[in-house]
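Dear colleague,

I am passing on the structure below, together with some notes on its salt bridges. Please read them alongside the coordinates when you have a moment.

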Amino acid sequence: MEATTIKGTNHGPNLRRWREWRNINQEVLAEKIGVSQATLSGYEKKDKLEQEVLEKLAKALEIPVEAITEIGESTSINIVANTFTDFKDNAVANQNYPTFNTVDKIVELYEKLLETEKEKVRLLEEVLKGRG
């Protein structure tokens with residue numbers, strides 16, 4: 001089957017971002033769509049995915065196909081999850097909360113930042129040794 005002609009590229013990276021945002025690991029998502037974890041990992045590395053694959057993934061992640069095919073690499077995923085329903089003049093707010101631990105995400109980002117800084121220091125040390 002040929003890769004889909006849906007506009008945009010970066011389907012794989014977008015898929016990974018949505019999977020992570022939904023706090024689903026590769027094994028679970030792969031099982032939901034009936035492929036191996038290795039196959040799903042391969043999907044996350046492709047620029048374009050086939051329409052049939054996109055539809056399965058979108059259904060499993062409970063998002064529209066366009067969420068995978070049309071968001072840009074620098075687009076942030078912001079979902080407003082509050083809805084209001086009026087029951088006989090009583091406004092009721094339904095709130096959805098993230099399924100991930102925000103503290104864990106902050107720690108994860110901090111660790112990545114720390115590793116980047118360590119790498120910068122290592123590279124600067126190499127440059128300085130070369131001058132001496």
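Lys 56 forms a salt bridge with Glu 52 (a salt bridge being a side-chain nitrogen of Lys or Arg within 4 Å of a carboxyl oxygen of Asp or Glu), and their closest N and O atoms are 3.8 Å apart. Both residues belong to helix α4 (residues 51-61), where they are 4 residues apart, about one turn of the helix; helices here are DSSP runs of H or I with at least four residues, numbered from the N terminus. Lys 56 is partly exposed at 42% relative accessibility, and Glu 52 is partly exposed at 43%, where partly exposed lies between buried (under 20% relative accessible area) and exposed (over 50%), with a 1.4 Å probe and protein chains only.

This is a predicted model, in which local features need pLDDT of at least 70 and side-chain atom pairs count only at pLDDT 80 or more, while totals for chains, interfaces and linings use all residues. Residues are numbered from 1 along each chain as its sequence is written, and side-chain values use heavy atoms, with hydrogens and water left out.

In helix α6 (residues 102-131), Lys 112 and Glu 108 are 4 residues apart, about one helical turn, and they form a salt bridge with closest N and O atoms 3.5 Å apart. Lys 112 has a relative accessible area of 49%, and Glu 108 one of 34%.

Lys 120 and Glu 117 also lie in helix α6, 3 residues apart, and the closest N and O atoms of their salt bridge are 3.0 Å apart. Glu 119, Arg 122 and Glu 126 are linked in a network of salt bridges, and the count of salt bridges comes to 8.

Best regards

Key: Helix = DSSP H or I, 4+ residues; strand = E, 2+ residues; numbered from the N terminus.
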